Amino acid sequence: MQPKSNYRWFVVAVFFFFMLLHQADKLLIGPLTTPIMEDFGINEAQMGAVFTGALLVGAVLYPLWGYLYDRYARAKLLALASAIWGATTWLSAIAPTYPTFLMTRASTGIDDSSYPGLYSLIADYFPPRVRGKVYGVLQLAQPLGYLIGMVMGLILGSIIGWRSIFYITGSLGLVLAVVIFFGVKEPPRGQSEPEMAGLEHISPRSFDKKIAFGLLKKRSLIFLYLQGFVGVFPWNVITYWFFRYLETERGFASDQVLFTMAPAILVLAAGYFVGGAIGDAMFRRTPRGRMLTALFGVIAGAVLMYITLNIPVENTLSFQVMLMLTALFIPFPSANVISTVYDITLPEVRSTALAIQYFIENGGAALAPLLAGILATASGSLGNSILLICSVAWLLTALFLIFTTRYVPVDIHTLRAQMQERADSERAQQAAQP
């Protein structure tokens, strides 16, 4: 039975605020990079290790979280993840030395592996034809959280200090843990698939090892995993180093950084929804629609980023305009990749499938901030380091997306046939009951 429309949008709202505040907590370390470096007396390579530590912890734990979400109640595990977020952020705030801060900040990566369960749960509230838009709405929270973190870091950081900001965001994580635990219900897995429409009861299913190993036989999923390995390199480099780049190589003061980045981040937020909506519209025309949308976003973003970073320092207005235009296209793949993973995998292994995607993404890209810091230290140019890593990564991403586009229709057809077989079996069982 489908959930009431009002309640499912309540669930979206809860997880929107979870992602908004979690991303603010996770990403505000970007605008706080300079004061943290000054506080501990460290260089770019050492700060890059801080970024990389949390990313590596998150990456390693993705397979475990994915299995747990497919095996147990996702809503309760998400409440646990929110509590862990709050606790580890508090530990980072009280760290007295650089080695301690390195370890405590790495521990914040534990809860960063929570999103596969969130997206899997949402998939059971909304049918495939609108998931791109719904994920786009949820992912608005990521850049908006980044914007909140930026404002807090640049404005409050100089007033109350970076440690006090961590106390605030950590406390919000604990509050949201309570809201999720008591407010979000666990839906039956697969209830929103079109083949299940009209069924009053859906037999419960959970993690199946055989089905999980079968994921690696899907060619489109393999190429999605490969594009994920390189596709997140640019995101991590930009997230953790772009503020530093604006301050040191373009000579922006704190207020100028804010007025440059805030509009770009708002456009970036719109790009998540626009990309998801276009992907949904294209998907209704062709099973390749989501991947074609993602491919266009990657190519457009790469070209525009190259142009933007090569604009002379004195042309600040041109730089700001091009930065906003770049920001519109680079999130196009995000909602479409998640939706495609769920378009080709069975409901009981969807958290695992996306967890593997994120494990591969973060396992490779966790090294990106450290690599960018090392290249910047060696070459003396953070801008050149950012541009080199982004250009190579996006070129490879586009290549792997082309192969995904080729193979995805077959895997989508296979899933729809499997779901129809399950629906027929459920209807036959219910018809046989007195």
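How many residues does helix H18 have, and what does it reach from its first C-alpha to its last? The legends below take up this helix and several other close-up views of a predicted model.

**View 1. Helix H18, residues 368–379.** The helix has 12 residues and reaches 16 Å from first to last C-alpha, close to the 16 Å expected at 1.5 Å a residue. Its buried residues are Ala 368, Pro 369, Ala 372, Gly 373 and Ala 376. Seen down the axis of H18, these buried residues fall within an arc of 135°, so they line one face of the helix. An α-helix has 3.6 residues a turn, so residues three or four places apart point the same way. Thr 377 and Ala 378 are exposed and sit on the face of H18 turned away from its buried side. Just after the helix, Gly 380 takes a positive phi of about 80°.

**View 2. The aromatic pair of Phe 18 and Trp 85, one of 23 aromatic pairs in the structure.** The ring centres of Phe 18 and Trp 85 are 5.8 Å apart and the planes stand at 75°, so the pair is edge-to-face. Phe 18 belongs to helix H1 (residues 5–27) and Trp 85 to helix H4 (residues 74–93), so the pair ties together parts that are 67 residues apart in sequence. Phe 18 and Trp 85 are both buried.

**View 3. The aromatic pair of Tyr 119 and Tyr 135.** Here the ring centres are 5.2 Å apart with the planes at 80°, so this pair is edge-to-face. Tyr 119 lies in helix H6 (residues 115–123) and Tyr 135 in helix H7 (residues 128–139), so the pair ties together parts 16 residues apart in sequence. Both tyrosines, Tyr 119 and Tyr 135, are buried. Ring pairs link Phe 18, Trp 85, Tyr 115, Tyr 119, Tyr 135 and Tyr 342 into a cluster.

**View 4. Ala 93 in helix H4.** Ala 93 is buried, with a relative accessible area of 1%.

**View 5. The largest pocket, with about 190 Å³ of space.** The lining consists of Pro 63, Tyr 67, Phe 207, Lys 209, Ala 212, Phe 213, Leu 216, Thr 352 and Ile 356. Helices H3 (44–71), H10 (209–214) and H17 (350–365) each supply at least two lining residues. H10 gives the most, with 3 residues. By class, the lining has 7 nonpolar, 1 polar and 1 charged residues.

View 6. About 950 Å³ of space lies in the largest cavity. Of the 46 residues that line this cavity, Gln 142, Val 232, Trp 235, Tyr 272 and Ser 334 lie nearest its centre. Helix H12 (residues 233–248) provides the largest share of the lining, 6 residues. The lining divides by class into 29 nonpolar, 14 polar and 3 charged residues.

**View 7. The second largest cavity, with a volume of about 100 Å³.** There are 13 lining residues, of which Lys 26, Ala 54, Arg 105, Thr 108 and Asp 112 lie nearest the centre of the cavity. H1 and H3 are the elements that give two or more residues to the lining, and H3 gives the most, with 4 residues. By class, the lining has 6 nonpolar, 2 polar and 5 charged residues.

Note on methods:
Residues are numbered from 1 along each chain as its sequence is written. This is a predicted model: local features need pLDDT of at least 70, side-chain atom pairs count only at pLDDT 80 or more; totals for chains, interfaces and linings use all residues. Side-chain values use heavy atoms; hydrogens and water are left out. The expected span of a helix is 1.5 Å times one less than its number of residues. Buried means under 20% relative accessible area, exposed over 50%, partly exposed in between (1.4 Å probe, protein chains only). The arc is that of the directions from the helix axis to the C-beta atoms. On a 1 Å grid over the protein atoms alone, a cavity is a set of points where a 1.4 Å probe fits but cannot get out, and a pocket is an open set with protein on both sides within 12 Å along at least five of seven lines; lining residues have an atom within 4 Å of a point. Grid points are joined across faces, edges and corners, and a volume is the space filled by probe spheres set on the points. Ala, Val, Leu, Ile, Met, Phe, Trp, Tyr, Cys and Pro count as nonpolar, Asp, Glu, Lys and Arg as charged, and the others, Gly among them, as polar. Rings of Phe, Tyr and Trp (its six-membered ring) pair if their centres lie within 6.5 Å; planes under 30 degrees apart count as stacked, over 60 as edge-to-face and the rest as tilted.
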